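Thanks for making time this morning. I would like to walk through one part of a fold with you, so please bring the structure up and keep the sequence beside it.

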Amino acid sequence: MIEVFDNIVPFADRNNIYSMVINSNFNITGWSDRDDLELANQHALHSRWSIEDFKRCKLSPYIDQVLKQSKNYSNYTLQDFSHCSVNAVKPNDLHFIHSHLKGTISVLYYVNLDWQLNWGGETIFYKQDMKEIQYTSPYVPGRIIMFDEEPHTLKPQSINAPAWRFTVALFLKK
């Protein structure tokens, strides 16, 4: 189940989150969650955050709020923290359809402070057969999306968009 929450995080806090994200220590890694040999040379730019980092960015009270409001995930709390990754993508990056571990919910936060719809960068969710699109989420600054095992990917942003598209991906597991 996909749940979307808008207008939860006030702009002042969104600005603080953005500042922490852009000052994160990013690492270049391969696609360690895939075993496709032909993808071994593909790389992603991300920063791994601890639960303390996540709480320091000031996003945690809003995630607590949406978890409580959730129709499907209200039994999860930040006590179920598994890991957190800040993703930085740029135009022309290669993205793959993937899903996360069974029993894990994903909480995705769109970090950029300004984004125009014509810049692209949507998150595309597929039906389990990965042949049909189930839902497409435009990249809306401050948006929070919660989902579980839905296969998904993102559409690269236009070269006219900002150089970086940032997301905070929080993973909770019972």
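How many bridges join β6 to strand β7, and do the two run parallel or antiparallel? This is a predicted model, and in it four bridges join β6, residues 123–126, to β7, residues 133–137, with the strands running antiparallel. Tyrosine 126 has isoleucine 133 of β7 as its bridge partner, and in the hairpin, where six residues lie between the strands, methionine 130 takes a positive phi near 60 degrees.

Strand β6 is also joined to β9, residues 152–154, by three bridges, again in an antiparallel arrangement, and there phenylalanine 125 stands opposite histidine 152. As for the side chains of β6, Thr123 and Phe125 point one way while Ile124 and Tyr126 point the other way, and all are buried.

Let me turn to the rings. The count comes to eight aromatic pairs. In one of them, the centres of tryptophan 115 and tyrosine 139 are 4.7 Å apart with the planes at 50 degrees, so this pair is tilted. Because tryptophan 115 sits in the loop between β5 and β6 and tyrosine 139 in the loop between β7 and β8, the pair ties together parts 24 residues apart in sequence.

Phenylalanine 125 and phenylalanine 147, by contrast, form an edge-to-face pair, 4.9 Å centre to centre with 75 degrees between the planes, and this links strand β6 to strand β8 across 22 residues. Phenylalanine 125 counts as buried because its relative accessibility is 0%, and phenylalanine 147 is buried as well, at 2%.

Methods. Residues numbered from 1 in each chain as written. Predicted model: local features only at pLDDT ≥ 70, side-chain atom pairs only at ≥ 80, totals over all residues. Heavy atoms only, no water. Buried < 20%, exposed > 50% of the residue type's maximum accessible area, 1.4 Å probe, protein only. Pairing = 2+ DSSP bridges. Phe/Tyr/Trp six-rings, centres within 6.5 Å; stacked < 30°, edge-to-face > 60°.
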